[in-house]
Structures are given as C-alpha cells and as structure tokens.
4 protein chains.
Amino acid sequence: MMKFLSDNTAAVCPEIIAALLGANHGQAAAYGEDEWSGRLDAAFGAHFEHEVRAFAVSTGTAANALALATLTPPYGAVLTPSGSHLLDDECGACEFFSGGARLTALPQAAGRISPATLAAALDAHPPSVHTVQPAAVSIAQATECGTVYAPAQVQALAELAHARGLQLHVDGARFANAVASLGVRPADLTWRAGVDVLSFGATKNGALAAEAVVFFDPRRAADFELRRKRAGHLIAKHRFVSVQLLAYLQDEVWLRNARRSNELAARIGGAAGARVLHPVQANSLFLRLAPAEEQALRRAGFEFHPWGGRDSGEFRFVVSWDQPESEVRALCAALRDLSP
Amino acid sequence: MMKFLSDNTAAVCPEIIAALLGANHGQAAAYGEDEWSGRLDAAFGAHFEHEVRAFAVSTGTAANALALATLTPPYGAVLTPSGSHLLDDECGACEFFSGGARLTALPQAAGRISPATLAAALDAHPPSVHTVQPAAVSIAQATECGTVYAPAQVQALAELAHARGLQLHVDGARFANAVASLGVRPADLTWRAGVDVLSFGATKNGALAAEAVVFFDPRRAADFELRRKRAGHLIAKHRFVSVQLLAYLQDEVWLRNARRSNELAARIGGAAGARVLHPVQANSLFLRLAPAEEQALRRAGFEFHPWGGRDSGEFRFVVSWDQPESEVRALCAALRDLSP
Amino acid sequence: MMKFLSDNTAAVCPEIIAALLGANHGQAAAYGEDEWSGRLDAAFGAHFEHEVRAFAVSTGTAANALALATLTPPYGAVLTPSGSHLLDDECGACEFFSGGARLTALPQAAGRISPATLAAALDAHPPSVHTVQPAAVSIAQATECGTVYAPAQVQALAELAHARGLQLHVDGARFANAVASLGVRPADLTWRAGVDVLSFGATKNGALAAEAVVFFDPRRAADFELRRKRAGHLIAKHRFVSVQLLAYLQDEVWLRNARRSNELAARIGGAAGARVLHPVQANSLFLRLAPAEEQALRRAGFEFHPWGGRDSGEFRFVVSWDQPESEVRALCAALRDLSP
Amino acid sequence: MMKFLSDNTAAVCPEIIAALLGANHGQAAAYGEDEWSGRLDAAFGAHFEHEVRAFAVSTGTAANALALATLTPPYGAVLTPSGSHLLDDECGACEFFSGGARLTALPQAAGRISPATLAAALDAHPPSVHTVQPAAVSIAQATECGTVYAPAQVQALAELAHARGLQLHVDGARFANAVASLGVRPADLTWRAGVDVLSFGATKNGALAAEAVVFFDPRRAADFELRRKRAGHLIAKHRFVSVQLLAYLQDEVWLRNARRSNELAARIGGAAGARVLHPVQANSLFLRLAPAEEQALRRAGFEFHPWGGRDSGEFRFVVSWDQPESEVRALCAALRDLSP
C-alpha cells in the first residue's frame with residue numbers, strides 16, 4: 001500500500017535519530033534544566049533573527065492550545081477559518097486550555113481568510129458585556145487546504161487584528177513547508193509580518209514528537225511554563241524533545257525535508273491537472289475525483305482520505321518528507337491514466 | 001558530579017532504544033491506529049493477567065490528571081496524602097483536567113495513608129450540597145517517601161473507598177519499583193487489591209517518554225480517548241510511544257531495571273544507618289543530615305535535593321536504573337565516613 | 001419615552017409582589033429547605049402533568065447554562081440555531097458551566113431549525129476521537145425571532161436527537177408566550193413532545209428574578225443541586241425565589257400575562273403590515289424599516305433595538321406583560337402613518 | 001421553635017421592602033442600565049470614602065468566587081483559613097470560577113490567620129514551575145468563628161501579601177457586623193488597611209438577595225462585568241438588586257441591623273459564660289455543650305447547628321437582625337439554667 005494519508009505517518013529523519021542517540025549518554029537534569037533545552041531560545045532566536053522565547057512540547061494540539069490560552073481570556077473568542085485544525089481536529093483543546101473561550105469560524109477561501117472577512121467579523125462583535133469578546137486571530141501556515149499566506153497577506157491580517165486589540169497566532173504545523181514554498185526567510189512570515197505567537201511544527205516534517213511555541217515578544221511568555229506544566233506537557237526527560245528541535249533547525253534539515261515533500265506534491269498536482277481543487281503550495285493536495293476514479297486509485301494501492309464531508313467527491317493527498325519517489329511516480333502515472 | 005537528584009535524569013535503556021529504532025521504518029498509521037499501538041491492550045492485559053484498557057501518554061502528570069478526570073466530577077474531591085506528587089509537583093493539573101475538582105490532603109506517615117485516616121476524612125465529608133463531594137482516593141506506589149503499600153494495605157483502602165462510592169487510583173510513576181520491592185505480581189498490587197485505575201510509569205525506569213493509564217474495568221475507559229485528545233496528549237506518531245511500552249514490558253525489562261535501582265538504594269540505606277528517615281523500600285531514600293554533613297557530601301561531588309521545606313535538614317537521594325555502581329559505592333563510603 | 005426594548009424592562013406583577021410580601025414573616029430555613037421551596041416539585045409536576053424535578057435560579061443564563069452542563073460532557077457539542085440567546089447573549093456561559101463544551105450554530109429560518117438541518121449537522125459530526133461530540137440540541141420557545149415551534153415540530157427534533165444519543169433542551173425564557181400562542185398544554189410542548197430539560201422563564205413575564213430548570217426525567221437531575229451551589233446560584237433566602245414561581249403558576253398568572261403581551265404584539269404586527277419580517281407568534285416582533293421610518297418612530301418617542309447587525313435595516317420590538325395599552329395604540333398608529 | 005441556625009433564615013427588613021416596592025413602577029432599562037444601578041458606584045464610594053467600582057450580585061458565593069477569579073490565574077493558589085466559607089460551604093465555587101485555582105488552607109485560631117502563619121505558608125510556596133503559585137489571600141470579616149480582625153491585623157496581612165505580590169480579598173458576608181463590632185469606619189477595615197477587593201454582604205443583615213463586590217482599585221475591575229455575565233449573575237431586572245443595596249447603605253440601615261444582632265449575641269455570650277469557645281465579637285457564637293445540655297436546649301425549643309465535626313461537642317448559634325428579643329431572653333435564661 002502506498003500511503004498519502006498524512007505526513008504524521010512518516011518516520012523520523014536520520015538527523016533527528018542521530019541527535020536522540022547522541023543525547024542518550026548518562027544523566028541530565030530533568031524538566032528542561034538540561035543543557036540542550038537551555039539552547040532552545042538561542043537556536044530559535046537565530047532561526048527567526050529576533051529575540052524569542054521558545055518552548056518545546058510534544059504535540060501540535062498542545063502547542064496551539066497552550067499558545068492560544070495565553071492570548072485569550074475565558075470570555076474571549078478566537079477567530080479562525082472554518083475547517084481549521086483548531087475547530088475540527090483538536091477535540092475542543094482550545095476551549096479546554098483557555099477555560100472555555102470560543103472558537104468563531106470565519107468564511108475562508110482555499111483555507112485563507114481575507115482582511116475583509118476579518119473586518120466584518122470584528123464589526124459583528126462590538127464590545128459588549130453580553131457576549132464573548134474577540135481576543136485573537138489564528139491562521140495556519142500552510143493552511144488546511146495546502147495553500148500559504150504570503151507575507152503581505154499575513155501583515156494585512158496582523159494590522160487589522162492589532163488595531164482592534166487582538167493578537168495574531170499562527171498554527172505552523174507545516175510552517176517549514178510554507179517557508180519553503182514562498183522562498184522567504186522565517187522572519188518574513190512571522191514577526192516581520194506582525195505574528196505574535198507561532199506554533200512551530202517539526203513532527204510532520206521529520207521529528208519523532210516535537211513542536212515549539214515561539215513568542216516573538218518574550219514578555220508575553222511569562223506564564224507559559226506554568227500552563228505547560230499544569231497541562232502535563234512538560235516532558236520529564238526534556239533533553240529528548242529539545243534535541244529533536246535543535247537537530248531540526250541545524251543544517252537546514254527543516255528546509256530540505258519540506259522542499260522535498262513540496263516538490264513531490266507539486267509534481268502530483270501537475271499530473272492531476274484540472275482535478276486539483278486548490279493551488280498546490282505545500283505538501284498537501286486536494287483532488288476532485290469521480291467515484292470510478294477514486295476506486296481506480298484505491299485498487300492501484302493508493303491510500304488517501306476523503307475530505308469535505310460525505311459524498312463531496314473531494315480527497316486529500318499528503319506527501320511526507322520520506323515519501324518514496326517511486327510512490328509519487330506511480331501516483332502521477334495513475335492520475336494521468338484516469339480518463340480526462 | 002554524581003547525580004542522585006531524580007530518576008528522571010536517567011538515560012533511555014538499550015532495549016527501548018532498540019525498539020524505537022526498530023519501529024522507524026516507513027509509514028505507519030498516525031494517532032494510535034498503527035500495529036504497535038493496537039497491541040497495547042493485550043500486552044498490558046498479559047502483564048496484569050486481566051482484561052484492561054491501556055492508553056499511552058508521554059508524561060506522568062498527564063497520566064494522573066487524565067485518569068483522575070475520568071473518576072471525579074468537577075464538584076468532586078480527590079483524597080490524597082499530603083506531600084503527594086499530585087498536590088505538590090503537578091501545578092494543579094488534576095484541578096485543570098477535572099474542571100476544578102479539589103485535592104484534599106490527608107495526613108500520612110512515611111508517605112502512606114491508613115484506613116483510619118481515610119475513614120476519618122470521609123466521615124468529615126458527609127453528603128451535602130454545600131461542599132465538594134469525595135469521588136476518588138489517589139495513592140502512590142512507591143510513595144513520595146520511597147515506601148510501598150503491601151497488597152493488603154491497598155486492599156483495605158480500596159474496600160473503604162468502594163464502600164463509600166469512591167474509586168481508587170494509584171499513581172504508579174514508580175510502580176515497577178514497588179512490585180520489585182514486594183516480590184509480588186503486578187496483579188496483586190492492582191485489581192486483585194481493588195485498584196480501579198493505574199498510572200503506570202515507564203519513563204523514570206528506562207523509557208524516553210512513555211506512561212500508560214490502565215483501566216481494570218474497561219467500561220470506565222469510555223471517554224478517555226476524547227479527554228486525551230482534547231488535552232493534546234494523543235501523540236501523532238503514536239507508534240513511538242507504544243513501542244517504548246511494549247519493549248518495557250517484554251522480557252522483564254521493567255523488573256530488571258527496577259530491581260537494580262532498588263538494590264542500590266538499599267545498599268545506600270545500609271550505609272546511611274540511623275540517618276535514614278523512612279524504610280528504604282524502593283529507589284528513593286531520605287536522609288537527615290547536619291549542615292556539615294550535607295556540605296561534606298556536596299564537596300565530595302554528590303548532587304541531591306533538599307526535602308521537606310527550608311531548614312528541615314532532610315534530603316532526598318534517588319537512584320536511577322542506570323546509576324553507575326561506582327557512584328553508589330562512592331556514596332556509601334562517603335556516608336560511612338560521616339562522623340556517627 | 002415608550003419602551004419596546006425588552007420584556008426585561010417590565011415591572012413585577014402584583015400577584016408576585018403579594019407573594020413576596022406574604023412570605024416575609026419571621027424566620028424560614030435557608031438554602032431551599034423552607035416550606036415554599038419544598039412545594040416546587042409538586043407545583044411544577046401539576047403544571048406539566050408529569051413527575052418532574054424543578055430547581056429555582058434567578059437568571060435565564062444560569063438556567064440555560066446549568067441545564068446544559070448536565071447534558072453535555074466538556075468534550076461535547078451543543079447544537080443550537082445561529083443567533084440563539086446561548087450563542088449571542090450569554091457571554092459564553094454554556095462553555096463556562098460545561099467545562100468548555102462547544103456551541104455549534106445551525107442554520108435557521110425565522111429562528112427555527114428543521115429536522116433536515118439537524119440531521120445534516122449530525123451527519124457532519126460522526127463519532128471520532130478527533131473532534132467534539134454532539135451531546136445536546138437546544139432550541140428556544142418562543143424563538144429569538146418571536147416565532148414558536150408547534151408540538152409536532154418539537155417532536156420531530158426530539159426523535160432525531162434521541163436516535164443519535166443526544167438530549168433536547170428548550171430555552172423557555174418566553175415559554176409562557178409560546179404556550180399561550182399555540183393554545184396547547186404545557187405538557188404538549190415539553191415531555192409529550194420529547195423535551196428532556198426545560199429552562200422555564202418567569203422573569204420576563206412578570207417575576208422579579210425567578211426561573212426554573214425543569215427535568216422531565218428526575219434521574220437526570222441527580223447532580224444539579226451541586227452544580228447550582230458551585231455556581232453561586234443557590235439563593236440563601238430561597239423562599240423569596242420559590243414564592244415567585246409558585247405565585248406565577250397559580251391562578252394562571254403566567255397565562256394571563258403572556259396572552260396579553262402576545263395579543264398586543266399581534267396588534268402591532270397587524271399595523272406594521274408588510275414590514276413584518278417573521279410571523280408574530282409571541283410577544284416580540286421584527287420589522288424592516290427604512291432609515292426615515294426608523295427616525296420617524298424614534299422622534300415619536302418609541303424605543304427599540306436594531307437587530308441583525310449594523311445597517312441591516314431590521315429592528316426588534318418587544319411587548320411586556322405590563323405594556324400600557326396606550327403605548328401599543330400609539331405605536332400602531334405611528335406604524336400605519338408610515339408611507340406604505 | 002426558636003431558630004438560631006443562621007442569619008440567612010431572617011426576613012427582609014422594612015427599609016429594603018419599601019425600596020423594592022418603590023422601584024416597581026413602570027419600565028426600567030435592563031441588565032444594570034437603569035438609574036438605580038447607575039448610582040451604585042457613587043453610593044459605595046461615599047460609604048467607603050474612596051473611589052470604587054461596586055457590582056451587585058445575588059449571592060455571597062457568587063461575590064466571593066467572582067472576586068477571586070479576578071485575582072488569581074488558573075494556576076494560582078488562594079490562601080485562606082481552614083474552615084473558611086470558601087473552603088467548606090461553597091461547593092468548590094472558587095475553583096470553578098477561577099478555572100481550577102487551588103484553595104490552600106492555613107492554620108487559624110478563632111477563625112483568624114496570623115502574619116506569621118501567612119509568612120510561613122508563603123515561604124513554603126517558593127516560585128516554581130512545578131506547583132501552583134500563591135496569588136491571593138482571602139480572610140473573612142467577621143470570621144467563621146464570630147471573631148473580627150482589627151484594622152491593624154488586616155494591615156499586617158495586607159502588607160505581607162502585597163510584599164509577595166499577592167492581593168488581599170475580604171469575604172464580608174458579615175462585614176456590617178465587623179464594622180459595628182469594632183466601632184470603626186468602613187474605610188478603616190478596607191482600603192486604609194490594604195484590602196484590595198471586598199465581598200460586601202447585605203443578605204444576612206436584612207436584604208432579600210443582594211451582595212456587592214467592591215474594588216478599591218477601579219482598574220482591577222476591568223473584566224468583572226464579563227465574568228459576572230458569563231456566570232449568569234447579571235440580573236435582568238437589575239434595578240431590584242441595586243435598590244436593595246442603596247436602601248441598605250442609606251440612613252445606616254446596615255449599622256442599625258448589625259448593632260442589634262451583635263448586641264443580642266453578646267448578651268447570649270454573657271449568659272453562656274465559660275461555655276463560649278471564641279470571643280463573641282459579631283452575631284455568631286460558639287458554645288461547648290455536654291450532650292445533656294444540648295438536649296435540654298433543644299427540648300426547650302431552640303434550634304442551632306452542631307459545628308466542628310461529629311461528636312466535637314461544639315455548637316453554633318447565630319443571631320439575626322430580626323431575632324425576637326423574647327427568644328434571646330429565653331435562650332439566656334436557658335443557658336443560665338444549665339448546671340455550671
């Protein structure tokens with residue numbers, strides 16, 4: 001079987017395996033007091049060309065929910081595109097971590113919200129004691145539709161958010177893919193564009209279980225560590241999370257892995273032609289397939305998820321950092337073989 | 001420096017490293033749908049000689065807080081010994097996960113509560129709409145004082161708890177050390193003695209980051225998975241948590257590691273003589289040291305934590321599964337050298 | 001000024017004032033142990049021709065949020081029409097009381113959801129560990145648009161909800177108006193149609209501050225009292241809430257008050273003609289007004305709220321139980337005077 | 001039967017009844033936008049000789065829990081005397097409203113904590129990511145033992161709290177009794193002594209259901225209204241809560257009622273002689289009674305609560321503002337008749 005189900009099905013990349021083995025010698029202080037963990041802030045600071053506080057956790061849901069809990073009070077609302085991971089795939093984690101804040105779904109196109117949409121949503125939520133108060137905006141890079149926001153698009157949303165007293169969070173579960181896609185620097189997609197807090201993903205792109213929450217204003221990070229501990233997300237043998245992140249940042253492992261899956265996805269997109277639903281800008285692609293086409297692909301050994309609800313005729317294919325090229329070649333061929 | 005600070009400072013044992021590397025081939029279904037994760041229930045069932053549901057998480061705090069959240073309503077109380085890990089070292093995780101249930105501290109001796117203490121606490125909390133209602137008892141095996149409860153002691157607490165409609169949870173962060181110490185079977189310390197839910201620790205005793213929540217009545221586990229996901233504790237590449245647990249259970253790795261640290265701790269206890277505060281029954285020991293004695297040990301290169309509050313004169317030493325025997329020998333010698 | 005802003009602006013009706021004064025003699029047991037409070041279950045049982053448990057609180061938000069907290073786990077979702085009071089006017093109370101459950105907005109027409117809409121929403125939320133799980137449906141009687149559900153409409157929703165394992169809650173802040181409008185018995189709109197829990201309003205229709213949460217299956221009420229106390233909603237001098245409800249139920253005070261405001265609203269609806277947006281079935285009516293028309297009414301001394309967002313051109317008029325008939329007459333005349 | 005069970009069993013005093021009736025004319029803006037509610041800040045400002053923000057709610061539990069929720073983060077701890085109302089009589093409301101903060105019980109004597117006790121507790125909770133962080137101290141005036149803190153005692157606690165970054169909250173369910181007892185001005189017991197937030201009680205001392213949360217630093221009150229609404233504690237017909245408070249403050253109703261119950265309690269204390277457990281400084285008194293004595297009093301028609309746990313031999317008597325003098329005379333006589 002050839003799996004295009006999720007980049008979470010991938011293995012751990014060799015550089016990160018080597019780092020894990022390299023750290024497994026003798027004793028090291030627990031709960032983040034070890035030497036590797038002590039280097040996280042500097043490593044992320046160099047990566048982003050900015051002073052940051054960076055905190056390691058082991059899942060993307062934890063990263064998002066902890067980040068948002070620092071940005072919204074319990075009576076707040078987090079505005080996020082409909083279909084976002086926060087809304088549909090985290091079982092209410094944001095609500096849980098924030099003490100009951102509300103996720104408000106905004107209309108989106110190809111996974112992205114526009115400044116006009118955001119402005120309309122804010123206008124519809126004037127200050128009032130009778131209802132939840134917008135506190136943050138959360139967008140994803142790359143989006144759930146496999147598209148990306150260009151720096152100027154991020155900046156437009158950030159300016160609008162800040163003008164209304166909201167913070168901007170980015171769910172960067174596939175942040176490396178977005179950076180690779182746009183050919184910009186990590187700084188261009190984050191603090192230079194006004195992003196306040198980033199969930200920085202590594203797991204999907206080659207790590208075992210490692211994500212970071214990155215605060216571009218270190219003062220906002222004041223209570224993060226208490227929230228992380230309280231949520232059971234402070235790993236005891238913390239060196240083993242930190243070394244994953246350090247190895248991921250070093251020697252552009254993150255970029256190499258992301259470029260590869262992006263390029264393979266683009267190749268598949270080319271083969272799929274008019275069946276492609278959204279621009280293929282990262283490592284996910286969405287296809288419209290007739291029932292017979294879907295069956296043909298499945299019979300040929302490809303695994304992939306339906307998307308967009310029952311009978312929508314839409315399907316998601318995700319390319320992993322370690323996807324065998326032969327599988328991509330086979331998929332391209334199979335797509336081209338479908339009657340046009 | 002020779003660290004006796006915590007068993008969380010230990011490395012990962014070779015059997016578990018081998019298992020991690022062995023699972024790192026190609027793609028595997030994410031979020032617990034992989035073949036290794038599918039074997040957890042059976043592996044834990046064999047370990048406990050009972051049908052169980054077992055769920056992997058990556059920290060002990062998550063295991064405890066998730067387990068207790070299934071046992072107590074928000075208006076409940078969890079009775080636990082004063083000084084317990086739940087109370088003093090988890091930053092309010094139980095309160096968070098349960099939606100605000102209360103931890104009620106019970107007087108303890110050497111880390112253990114007695115049936116009489118528990119009965120008195122329950123008598124002091126009669127059913128009333130005006131105050132929180134006891135819902136669960138949580139004890140630790142081994143305790144925070146390095147002692148253990150014998151099966152009959154567990155059973156006495158379980159019977160009392162059940163008679164009053166409460167459930168019994170065991171924080172088994174050092175469960176293997178307790179089993180090794182008592183020379184019993186895992187079943188004897190759990191369901192046979194009336195334990196309802198166990199936080200089964202592996203991290204301190206050789207894993208990288210792996211704990212299990214084990215339900216001895218599978219029906220009680222109904223909503224655990226939703227709570228775990230919602231708390232950000234469902235690991236994406238779940239195979240890498242599950243294989244740690246499988247390797248830990250196989251070929252008595254758990255027992256071998258625990259026996260070793262227990263025996264080394266006992267040796268240190270023998271050398272410490274009358275300075276020992278509690279019976280040394282697992283891999284932690286607590287010593288009373290005069291200031292000059294403390295300084296002598298620190299100068300000799302030993303690291304260890306003060307315990308029991310400022311100026312208590314009490315200190316904790318923890319022996320890890322991989323503690324070099326030379327360090328233990330050196331500590332024994334240094335203790336014997338202290339003026340009597 | 002003639003206020004048509006809200007039925008919450010009304011005074012307390014004489015029967016309820018008399019009851020409050022009548023109960024203000026000497027001492028009475030506190031916290032609901034008094035004789036009046038002891039009669040609530042029976043009084044509501046008679047009202048609904050069914051065994052019930054009925055609990056008094058002092059606000060509608062408390063009634064709704066406490067009721068729903070008993071119906072949904074923290075990882076649950078409550079399906080409710082877009083624009084519902086729960087969503088837009090309770091500042092996230094449902095999320096707070098439930099420990100973070102999610103309100104999911106369903107498309108509605110004239111404030112009502114249809115079985116087809118509900119079925120589609122349930123189909124879009126299949127059982128999954130990755131997202132919140134629907135636990136309850138909450139509709140309002142009368143709706144936020146001043147319409148009502150007929151018994152058969154309620155029953156269709158109830159059957160669908162129950163078939164999928166959900167409970168049906170009714171926000172009856174204007175329940176009396178709905179019953180009066182339909183000319184049915186209270187039972188016909190509740191348990192006979194499959195309603196599980198009702199927030200029974202009295203405040204808007206003549207009480208000072210008194211609502212009830214009514215469970216049609218008494219077993220579901222088991223932990224309500226603990227939740228109410230914990231939320232600070234167990235009134236100390238409880239007799240003064242209970243007597244309001246007893247007086248409200250007695251001698252059809254509820255029906256008389258509701259009929260009057262319904263009839264006056266209907267009269268205004270007749271005068272408003274084609275400007276009426278939704279069928280006028282209770283005591284609220286919604287009009288589309290051109291800017292000049294709005295100004296004309298305001299200059300004539302009428303107060304009313306804009307509705308449906310900025311520049312929607314929609315306005316809400318609510319008639320209170322004690323609305324002076326002269327004000328209604330004046331409003332009818334003013335509406336007829338508007339250019340057609 | 002002569003009830004000395006609780007001051008919550010009392011009726012509503014005539015001045016407050018008159019105010020309620022006086023406000024019951026025609027329509028008034030809802031949700032606190034009415035003219036009476038608009039006068040609350042000024043009325044409380046005059047009462048306390050200081051700029052304040054004052055918010056009305058209908059129960060003491062709501063007042064305490066809402067006040068503390070503004071003072072502590074979810075990972076915080078509130079230090080409070082053992083046996084406090086927060087701990088034993090509010091069913092975990094503080095935990096609920098704060099999102100899971102912890103109540104930490106401090107040793108007390110006659111209901112009061114000393115600066116030394118507070119200092120020791122703070123020393124035992126050094127800053128650490130591993131455990132909850134003290135955020136507030138909450139004491140009661142009068143205390144649960146019927147005693148009061150003198151201004152200098154409050155000030156000593158406030159200075160200590162502030163020096164460690166904590167806020168000081170006072171549960172003033174019987175604040176009027178404390179002021180009357182000490183013969184000071186309300187300001188002396190609050191902001192002049194360093195109190196940050198006060199739960200100001202009126203219900204026990206003559207109101208129907210009215211308490212206020214008073215912030216002595218108006219900036220701290222910023223999000224109170226959202227929290228109150230979210231908790232269902234914004235009364236719709238708010239004028240009827242506000243007028244209770246306005247009438248209570250006017251013409252020293254609060255002081256007259258409190259003085260009366262204090263004086264009657266003192267008289268009973270005199271009659272009880274050596275049976276009195278704590279200094280009788282407000283309107284509650286605690287007696288040690290032999291079983292035969294208890295029975296004699298009950299047979300004579302007196303109702304009162306056991307206190308301090310089963311078989312403690314301790315009993316509480318509370319005198320209400322409207323306690324008939326004949327009942328007090330009878331109780332004094334009965335106490336004197338007990339064998340010495």
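In this predicted model, B:Thr61 lies in helix H3 of chain B, which spans residues 60-71. Its relative accessibility is 6%, and B:Thr61 therefore counts as buried, since the cut-off for that class is under 20%. Leaving aside residues up to four places away in sequence, B:Thr61 touches residues of two chains, with A:Lys229 and A:Gly232 on chain A and B:His85, B:Glu90 and B:Ala93 on chain B.

Elsewhere in chain B, two helices meet. Two packed helices are described by the angle between their axes and the distance between the axes. The axes of helix H1 and helix H10 of chain B come within 9 Å and cross at roughly 140°, so that H1(B) and H10(B) are oblique to each other, and their crossing is right-handed. The residues that form this contact divide into eight nonpolar, one polar and two charged, and the table sets them out by helix.

| Helix | Span | Residues in the contact |
|---|---|---|
| H1(B) | residues 14-23 | B:Glu15, B:Ile16, B:Ala19, B:Leu20, B:Ala23 |
| H10(B) | residues 239-249 | B:Arg239, B:Phe240, B:Val243, B:Gln244, B:Ala247, B:Tyr248 |

E9(D) is joined by five bridges to strand E12 of chain D, residues 314-318, and the two strands run antiparallel. Within this pairing, D:Arg288 stands opposite D:Glu314, a residue of E12(D).

Note on methods. Residues are numbered from 1 along each chain as its sequence is written. Chains are lettered from A and ligands numbered from 1 in the order in which they are written. This is a predicted model: local features need pLDDT of at least 70, side-chain atom pairs count only at pLDDT 80 or more; totals for chains, interfaces and linings use all residues. Side-chain values use heavy atoms; hydrogens and water are left out. Axes are lines fitted to C-alpha atoms, for helices over the stretch in contact, and angles run from 0 to 180 degrees between N-to-C directions. Helices (H or I, at least four residues) and strands (E, at least two) are DSSP runs, numbered from the N terminus. Angles under 35 degrees count as roughly parallel, over 145 as roughly antiparallel, 65 to 115 as roughly perpendicular and the rest as oblique. A crossing is left-handed if the near helix is turned anticlockwise from the far one by less than a right angle, and right-handed if clockwise. Contact means heavy atoms within 4.5 Å. Ala, Val, Leu, Ile, Met, Phe, Trp, Tyr, Cys and Pro count as nonpolar, Asp, Glu, Lys and Arg as charged, and the others, Gly among them, as polar. Two strands pair if DSSP finds at least two bridges between them. Buried means under 20% relative accessible area, exposed over 50%, partly exposed in between (1.4 Å probe, protein chains only).
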